[in-house]
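Hello,

Here is the structure I promised to pass on. Have a look at it first, and then read my notes below.

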Amino acid sequence: MMSETERLATAVLDAAAAHGIMIATAESCTGGMIAAALTDIAGSSAVVDRGFVTYSNEAKQEMLGVDPNLIDAHGAVSAEVAEAMAQGALARSQAALSVAVTGIAGPGGATQAKPVGLVYLGLADRDGSKLEGVVFPDEGRAAIRRATVDKALSMILERLANLTKTA
């Protein structure tokens, strides 16, 4: 039986292939799990251009061009940094659509303002960016990371479905 992640990843690959769209990922808290979910499926090379694992602030700056002042002003876990990561992945790839995630998977790293389970997701394409902040239940690091992967795949799928409606 196919897991929810496999179902979503397959749907993303099918929809992206139907549109002739390549995808890039920029991941912090998921450490490459979104790219892995996509590339676990045979034929994904037709759709997946590349993935950036930018766990440290330095990696976000060096690999994606995230402005260090943005990180200083808002923190690595912020909508602003998620958007910059998504835009950076788009600019530094052959992809037409990128997804970025940055969050606090726990068990440490949280503050009162930024609890464990807080994740910011960003999508970027030629039409701009979409951002979403989610606080997943603190059911452990692995559960938060898995939920983030599924949410990211769902966001990509929704964007691709909207391309069909407007095309």
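A word on terms before we start: helices (H or I, at least four residues) and strands (E, at least two) are DSSP runs, numbered from the N terminus. Residues are numbered from 1 along each chain as its sequence is written. This is a predicted model, in which local features need pLDDT of at least 70 and side-chain atom pairs count only at pLDDT 80 or more, while totals for chains, interfaces and linings use all residues; side-chain values use heavy atoms, with hydrogens and water left out.

First, the overall picture. The protein has six helices and five strands, and along the sequence they follow the pattern α-β-α-β-α-α-α-β-β-β-α. Its C-alpha trace spans about 45 × 35 × 25 Å along the principal axes. The radius of gyration is 15 Å, which agrees with the value near 15 Å for a compact globule of 167 residues (it is taken over C-alpha atoms, and the globule rule is 2.2 Å times the number of residues to the power 0.38). Of the 167 residues, 46% are buried, where buried means under 20% relative accessible area, exposed over 50% and partly exposed in between, with a 1.4 Å probe and protein chains only.

Just after helix 3 comes Gly65, with a positive phi of about 75°. Most residues other than glycine have a negative phi.

What does Val66 touch, not counting residues up to four places away in sequence? Its partners are Lys60, Gln61, Ile71, Val81, Ala84 and Met85. Val66 lies in the loop between helix 3 and helix 4 and is buried, with a relative accessible area of 2%. Its C-alpha atom is separated by 9.6 Å from that of Ala86, 20 residues apart along the chain.

One last thing to look up: a cis peptide bond joins Gly106 and Pro107, with omega about 5°. Pro107 lies in the loop between strand 3 (97–103) and strand 4 (118–125). Most peptide bonds are trans.

Key. Contact = heavy atoms within 4.5 Å.
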